[in-house]
Amino acid sequence: MFRWFAPLLLFAAKPEVMVRLLVAGLAAAVLFFGVWLISSIAITVDTLKNPAIAAIYGAVLLIFFSIVTVVAWLRLRRFTAAPKAALPQPAPEAAPLSNEIVSKRAKELAGKWEVESRSAPKPVARISVAPAPAPVVQPRVQAQATLIVTGPAYAGKTTLIQKLVEESSEPPAQATGVVHLKEGASTDGDERHLDALVASVKQSDGVLFVVDQDLRAPEVAAITRFLATRKPLYLVLNKADQFTSGDRDAIVLSIRAKLPSRFPAAQVVCAAAAPMPVEREIEDARGAVRVEVRRPSSDVTALATLLRRALVPAGAPALRFERAP
């Protein structure tokens, strides 16, 4: 008895064949039922005697047959169409090489480069027959200058002098330039107090004006009087570590805008004589977190470079700072 079901089992193994047969059967049933229904309606009302109605009846049958045939053909065509080509899949990433293979390859390359460097011909050094010029002995110049360090109160003048003295580039025996830094009074006093400060500036070689923020009206007035003495003035924005880079640049631009137009822009520099302590979280091997307070190192390099270029003779880069009594 089971041999009669063998063809059905073969068809069941191919679902597309079963679907084709099912669609064909449904199409045939729809055609048969549609023809029977339309014919019954036409014969019942006995309208085929009229030629016009008979033509309409034939046109309706033709349209019905055409629709059912097209639908069935499109349905069967879907199963016979070739499958769409799949998009190319990215190639799987290669597994990373092990440390042993990388080390072995590195040793091979190192050995190869060493052999090639040994076998490469060495360039022949040219021997100059011209006599070497005799060294020119430059006379040692001991340049000295005195700067009055002033500015508003609590701007860090004392600490700045101390850091410049500590970070002198050369010992006293080798220094070719000595700058005496004399701390003057602040510019926050009255007019008589400012007159005494201007008089001391006239007896010096320049002014080191220290601020810790943008220039205010009293500072601008004091700078104007200092520049009237025709002594060089060097302006330092101290405590620069307390500002972000954007705020620091904005303050420097504002300071330069408030100075006279002929004032050299290079004589406005930033410094951090005593940076603020910074808290840092440190995690040990056990995962415990502790907070340490660290103080960054001071930064007066830009100021020392400016003073060396301005006060030390050409060809004598050594400079030493001293605190004047």
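Residues are numbered from 1 along each chain as its sequence is written, and side-chain values use heavy atoms, with hydrogens and water left out. Because the model is predicted, local features need a pLDDT of at least 70 and side-chain atom pairs count only at pLDDT 80 or more, whereas totals for chains, interfaces and linings use all residues.

The chain has nine helices and eight strands, where helices (H or I, at least four residues) and strands (E, at least two) are DSSP runs numbered from the N terminus. Of the 325 residues in the chain, 25% are buried; here buried means under 20% relative accessible area, exposed means over 50%, and partly exposed lies in between, with a 1.4 Å probe and protein chains only. The chain exposes about 23,100 Å², of which carbon and sulfur atoms supply 63%, the accessible areas coming from the Shrake-Rupley method with a 1.4 Å probe and, for residues, with only the protein chains shown counting as cover. Among contacts (heavy atoms within 4.5 Å) between residues at least 6 apart in sequence, 75% join residues at least 24 apart. Gln162 is placed in helix 5 (residues 157-166) and counts as partly exposed, at 38% relative accessibility.

Helix 8 comprises 14 residues, 245-258, and reaches 20 Å from its first C-alpha to its last, close to the 20 Å expected at 1.5 Å a residue; the expected span is 1.5 Å times one less than the number of residues. The buried residues of this helix are Ile251, Val252 and Ile255. They lie on the same side of helix 8, because they cover an arc of only 100° around the axis, the arc being that of the directions from the helix axis to the C-beta atoms. An α-helix has 3.6 residues a turn, so residues three or four places apart point the same way. The buried residues of helix 8 pack against strand 3 (206-211), strand 4 (233-237) and strand 5 (268-270), while Leu253 and Ala257, on the other side of the helix, are exposed.

A search of the whole structure finds eight salt bridges, each defined as a side-chain nitrogen of Lys or Arg within 4 Å of a carboxyl oxygen of Asp or Glu. One of them joins the side chains of Glu191 and Arg225 (2.8 Å, N to O). Glu191 lies in helix 6 and Arg225 in helix 7, so the pair ties together parts that are 34 residues apart in sequence. Arg225 is partly exposed, with a relative accessible area of 28%, and a network of salt bridges links Glu191, Asp195 and Arg225. Another salt bridge is formed by the side chains of Lys258 and Asp214 (3.3 Å, N to O). This pair also links distant parts of the chain, with Lys258 in helix 8 and Asp214 in the loop between strand 3 and helix 7, 44 residues apart. Both partners count as partly exposed, Lys258 with a relative accessible area of 38% and Asp214 at 25%. In the salt bridge between the side chains of Arg216 and Glu219 (2.8 Å, N to O), Arg216 is partly exposed at 40%, whereas Glu219 is buried, with a relative accessible area of 1%.

Several residues in loops were also examined. Thr187, in the loop between strand 2 (177-183) and helix 6 (191-202), counts as buried at 7% relative accessibility. When residues up to four places away in sequence are not counted, Thr187 touches Thr150, Gly151, Pro152, Leu197, Phe209, Ala222 and Phe226. Arg230, found in the loop between helix 7 (217-228) and strand 4, has a positive phi of about 65° although it is not a glycine, and counts as exposed at 79% relative accessibility. Phi is also positive in Lys239, near 60°; Lys239 lies in the loop between strand 4 and helix 8 and is partly exposed, with a relative accessible area of 24%.

Phe32 is found in helix 2 (residues 15-45) and counts as exposed, at 64% relative accessibility.
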